[in-house]
Amino acid sequence: MMRPFIKLHEDDNVVVALVNLQPGDELTIDEHSIVVKEEIKKGHKLAIKKIEENQDVVKYGFAIGHATQFIEVGTHVHTQNVKTNLNDCLSYEYQPKSKRADKLLMDREIRVYHRKNWDIGIRNELWIIPTVGCVNKTAEIIKDRFLKEVDNLTIDGVFSYAHPFGCSQMGDDHETTRKILQNIAKHPNAGGVLVLGLGCENNQVSTFKETMGEYDEERVRFLVAQDVEDEIEAGVKILHELYEVMKQDYRATSLLRNLRVGLKCGGSDGFSGITANPLLGYFSDYLVKSGGTTVLTEVPEMFGAETILMNRAKDEATFDKIVHLINDFKGYYERNHQVCYENPSPGNKAGGITTLEDKSLGCTQKAGTSEVVDVLRYTDRLEHNGLNLLQGPGNDLVAVTALGSAGCHLALFTTGRGTPFGGFIPTVKVATNSDLANKKKHWIDFDAGAMLTATTTEEVVEDFINYICDVCSGKWTNNEFNGHREIDIWKSGVTL
């Protein structure tokens with residue numbers, strides 16, 4: 001039977017309703033009887049102590065804002081009576097937490113593709129990457145023509161990745177577009193890549209190729225549409241040549257510790273910080289302790305919980321990088337004349353999240369308890385195993401694209417509201433509540449609502465690790481079944 005509420009920390013002055021509570025319901029909390037005075041929807045907060053005007057509202061043991069009026073015991077605590085405590089750029093002091101000795105964990109075997117540069121891929125897909133939006137449709141036609149000419153496809157799929165950029169961009173935006181697309185072209189989940197240009201765009205194929213760094217010339221090919229008489233015929237011919245190489249690829253044994261995993265949430269609710277995000281935190285700690293790599297992005301959703309991450313920095317230099325990450329992103333808001341706390345979204349609020357601190361304290365749980373080993377700028381690629389932070393916004397498409405660009409093999413995506421979205425890497429949708437998991441079986445890959453009903457947390461974590469091993473070994477996620485594969489690139493400047 002589902003318990004009616006959960007208190008997340010002994011210092012909290014609110015609890016979270018796990019079921020819909022009605023006026024007159026009587027609850028026993030900390031050996032005290034509390035009568036519910038108004039309807040409290042599941043995922044929303046109930047006051048268990050008197051909260052005076054301007055007093056902090058405490059959840060997870062941290063302030064998530066302050067009361068804008070007196071809040072009576074047994075009443076609803078939400079946007080109507082709570083306001084954020086967040087401000088603009090702050091100063092921080094390095095206060096490292098003592099590092100405990102982590103026990104070694106049993107690694108898991110997975111079946112993957114071994115690439116020429118000793119990297120692994122969890123998919124063997126053939127990709128077309130346009131350098132400019134003008135040839136998006138051309139890429140799609142080339143892909144469709146090729147698929148019509150192939151019987152019994154023996155690779156994991158053929159995909160083209162449309163985007164609106166590559167021309168009429170200036171400065172950082174132009175560089176960003178090129179670097180993100182170059183990183184995608186070198187991703188190990190692709191066994192073959194056709195980089196397709198038009199010919200007159202800013203993002204010239206010749207420069208793209210020269211600045212790309214090391215890549216497998218047998219696996220990455222280039223075509224400029226204006227340079228050939230029939231770009232469709234030329235493109236299909238290149239795909240056939242790449243396919244002949246890829247047909248020789250096969251899955252072989254590797255270990256989970258070679259995996260790089262992105263951590264992301266979207267459409268959060270009041271259960272996000274109770275079920276799905278902690279589940280990802282357990283998985284992140286498991287993978288990191290095994291020698292693997294996880295990446296947390298969505299910098300705006302670190303605001304209000306940033307000191308938790310700062311105090312887990314491996315050293316003071318990494319701490320300084322985190323401070324810069326946070327304050328630089330707040331500066332980005334200021335430069336665009338926006339306040340840094342204009343979040344959560346309407347869907348978040350409907351699900352029970354009140355302030356950005358409320359969301360951030362749940363969001364950062366995806367990173368578990370491991371130390372932070374590095375901070376990446378947007379377009380950077382991973383260099384260090386362990387828990388990394390990545391500069392990027394909360395937008396789902398941009399964030400998952402950034403995680404894949406950094407080198408993540410897949411993204412773990414928690415959601416309390418549901419979304420069919422998927423990136424160019426497998427995007428595992430983890431529901432925060434079982435109602436969503438049951439309603440949207442064709443969207444949701446794993447039900448973290450089981451965290452509330454399972455005999456032990458370890459049971460759910462073990463099931464989740466086994467599921468991730470299956471995905472890495474070839475099991476498709478729902479976004480792959482449904483054909484939801486998209487990329488988006490962060491734009492901050494002028495378009496000509």
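A: Start with one term. Buried means under 20% relative accessible area, exposed over 50%, and partly exposed in between, with a 1.4 Å probe and protein chains only. Now the background. The model is predicted, so local features need pLDDT of at least 70 and side-chain atom pairs count only at pLDDT 80 or more, while totals for chains, interfaces and linings use all residues. Residues are numbered from 1 along each chain as its sequence is written, and side-chain values use heavy atoms, with hydrogens and water left out.

Q: Is R377 buried or exposed, and why?
A: R377 counts as exposed because its relative accessibility is 59%.

Q: Which residue does R377 meet in a salt bridge?
A: D380. The N to O distance is 3.3 Å. A salt bridge here is a side-chain nitrogen of Lys or Arg within 4 Å of a carboxyl oxygen of Asp or Glu.

Q: Why would side chains pair like that?
A: Side chains of opposite charge can pair when their charged atoms come close.

Q: How many salt bridges are there in the whole structure?
A: The search finds 28. One of them joins the side chains of K264 and E298, at 2.7 Å from N to O.

Q: Where do K264 and E298 sit in the chain?
A: In distant parts, 34 residues apart. K264 is in strand 17 (residues 260–265). E298 is in the loop between strand 18 (293–296) and helix 6 (306–310). Helices (H or I, at least four residues) and strands (E, at least two) are DSSP runs, numbered from the N terminus.

Q: Are K264 and E298 buried or exposed?
A: Both are buried.

Q: What about K330, which residue is its partner?
A: E306. Their closest N and O atoms are 3.9 Å apart. K330 is in helix 7 (residues 316–335) and E306 is in helix 6, 24 residues apart. Both K330 and E306 are buried.

Q: New topic. How much space lies in the second largest pocket?
A: About 760 Å³. A pocket is found on a 1 Å grid over the protein atoms alone, as an open set of points with protein on both sides within 12 Å along at least five of seven lines. A cavity is a set of points where a 1.4 Å probe fits but cannot get out. Lining residues have an atom within 4 Å of a point. Points are joined across faces, edges and corners, and a volume is the space filled by probe spheres set on them.

Q: Which residues lie nearest the centre of that second largest pocket?
A: R115, N117, D119, K186 and P188, out of 34 lining residues. Strand 14 (residues 190–197) gives the most to this lining, with 4 residues.

Q: And what about cavities, how many of 30 Å³ or more are there?
A: The search finds 1. About 50 Å³ of space lies in the largest cavity. Its lining has 13 residues, and D269, S272, G273, I353 and G362 lie nearest the centre.

Q: Which helix gives the most to the lining of the largest cavity?
A: Helix 9 (residues 356–363), with 4 residues.

Q: Last one, E109. Where is it?
A: E109 lies in strand 10 (residues 109–114). E109 is exposed, because its relative accessible area is 59%.

Q: What is E109 in contact with, beyond its neighbours within four places in sequence?
A: T253, S254, L255 and C469. Contact means heavy atoms within 4.5 Å.
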